[in-house]
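Q: I would like to learn how to read some features of a protein model. Could you take me through a few of them, giving the general idea before each case?

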Amino acid sequence: MLRIERAAGPTVAAYLFEGMSAFELGCVTEVFALPRPELGVPWYEFRACAETRRPLRALGGFSLAAEYGMEDFTAADTLIVTAVPDVRGEIPAGLIAALRAANERGARIVSICSGAFALAEAGLLDGLGATTHWRYADVFRQRFPAVRLDPDVLYVDEGRVLTGAGSAAGLDLCLHLIRLDHGSAVANAVARRLVLPPHRDGGQAQFIETAVSRRAGDDGVARSLDWALENLSRPISVADLAQVANVSARSYLRHFARATGTSPLRWLVRQRLAAARELLETGDASIEQVGAAVGFADPATFRHHFTRAVGTPPSAYRRTFRG
């Protein structure tokens with residue numbers, strides 16, 4: 001099989017198995033396997049790995065053949081498990097052994113969707129926070145009670161072990177990995193090529209059972225959201241949002257929850273923090289000025305919400321993504 005020669009960069013290996021869906025794997029290959037010489041950084045060397053060299057049947061009536069084996073998977077700088085064959089069944093022993101060996105030598109290990117089951121089975125998530133597709137949350141909790149599962153987020157970063165939510169959230173996690181490796185400018189450039197926002201705010205909660213809709217009464221909610229995004233620097237109450245939506249506060253709360261899957265105050269905090277991230281990445285304003293610009297009058301309150309949501313203080317975030 002022909003191999004494309006390119007400048008050596010960090011190795012990223014993905015695990016292939018019989019009966020897998022190609023979607024999550026496609027997200028990974030689109031981000032890490034596609035050469036990007038225009039970005040001016042050593043790009044990744046991607047390896048598709050499996051426990052066999054024979055073609056593996058994928059969902060949809062086609063087959064995949066991995067060019068690399070499990071030794072290459074174990075030796076990679078970043079290992080990615082996009083899914084497991086069965087969330088209620090036995091995880092392949094070869095995969096578990098590879099994950100444990102890679103973890104012992106300090107590799108970065110990543111899961112997408114049900115791939116978190118493999119990381120948990122290998123014992124890599126005990127005592128740590130993690131996420132998986134919200135549909136598998138109950139099964140995951142039953143199988144791995146030692147893991148602090150959060151099914152409401154798009155991904156969880158625990159340092160060398162990172163877990164992503166279902167399907168398309170894998171793209172969010174892949175972009176996060178690029179931000180960690182190469183900074184926000186490179187990650188933003190890749191996001192633009194993928195026609196994606198560099199950072200998607202919110203979590204899985206907005207997709208559970210009911211997505212954002214425009215059912216009766218929700219047009220007013222949409223109008224209020226647009227208004228709020230244009231006025232993030234000012235105090236905004238539920239009464240203000242209800243007035244823009246032209247409904248009572250009680251009705252607004254009901255329509256808002258149905259349309260977004262969260263509460264107005266939580267949504268506002270997320271939008272303020274998303275705006276703050278952009279200012280921290282691109283501007284030179286002080287932390288206090290950034291907080292005030294996105295509607296946090298008290299710097300301490302801003303730091304509290306930012307640290308709780310992002311996992312690092314605003315000052316450390318700025319150093320990480322502008323370093």
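A: Gladly. Let us begin with burial: a residue counts as buried when its relative accessible area is under 20%, and as exposed when that area is over 50%. Keep in mind that this is a predicted model.

Q: How much of the chain counts as buried, and how many helices and strands are there?

A: Of the 323 residues, 48% count as buried. The chain has 14 helices and 10 strands. As for contacts between residues at least 6 apart in sequence, 62% of them join residues at least 24 apart.

Q: How is a pair of aromatic rings described?

A: By two values, the distance of the centres and the angle of the planes. In this structure there are 13 aromatic pairs. Take Tyr-15 and Phe-73: the ring centres are 5.9 Å apart and the planes stand at 50 degrees, so this pair is tilted. The cut-offs behind that word are under 30 degrees for stacked and over 60 for edge-to-face, with the rest tilted.

Q: Which elements hold Tyr-15 and Phe-73, and are these residues buried or exposed?

A: Tyr-15 belongs to strand S1 (residues 11–15) and Phe-73 to helix H2 (residues 70–75), so the pair ties together parts 58 residues apart in sequence. Both Tyr-15 and Phe-73 are buried.

Q: What kind of pair do Phe-306 and Tyr-317 form?

A: An edge-to-face one, with 5.4 Å from centre to centre and 80 degrees between the planes. Phe-306 sits in helix H13 (residues 299–310) and Tyr-317 in helix H14 (residues 314–322), 11 residues apart. Phe-306 has a relative accessible area of 0%, so it is buried. Tyr-317 is at 4% and therefore counts as buried.

Q: Which residues do ring pairs link into a cluster?

A: Phe-117, Tyr-136, Phe-140 and Phe-144 are joined in this way.

Q: How are two packed helices described?

A: One gives the angle between their axes and the distance between the axes. Here, helix H1 (residues 22–32) packs on helix H6 (residues 169–182) at about 25 degrees, and the axes are 9 Å apart. H1 is therefore roughly parallel to H6, as angles under 35 degrees count that way. The crossing of the two helices H1 and H6 is right-handed.

Q: Which residues of H1 and H6 meet?

A: H1 brings Cys-27, Val-28, Val-31 and Phe-32, and these meet Leu-171, Cys-174, Leu-177 and Ile-178 of H6.

Q: My last topic is the backbone. What is the phi of Cys-113, and what is that of Asn-246?

A: Cys-113 is not a glycine, yet its phi is positive, about 55 degrees. Asn-246, also not a glycine, has a positive phi of about 65 degrees.

Q: Where are Cys-113 and Asn-246 placed, and is each one buried or exposed?

A: Cys-113 lies in the loop between strand S6 (108–111) and helix H4 (116–121), and with a relative accessible area of 6% Cys-113 is buried. Asn-246 lies in the loop between helix H9 (238–245) and helix H10 (249–260). At 66% relative accessibility, Asn-246 counts as exposed.

Notes. Residues numbered from 1 in each chain as written. Predicted model: local features only at pLDDT ≥ 70, side-chain atom pairs only at ≥ 80, totals over all residues. Heavy atoms only, no water. Phe/Tyr/Trp six-rings, centres within 6.5 Å; stacked < 30°, edge-to-face > 60°. Helix = DSSP H or I, 4+ residues; strand = E, 2+ residues; numbered from the N terminus. Buried < 20%, exposed > 50% of the residue type's maximum accessible area, 1.4 Å probe, protein only. Axes fitted to C-alpha atoms, helices over the stretch in contact; angles between N-to-C directions. Parallel < 35°, antiparallel > 145°, perpendicular 65-115°, else oblique. Left-handed = near helix turned anticlockwise from the far one by under 90°. Contact = heavy atoms within 4.5 Å.
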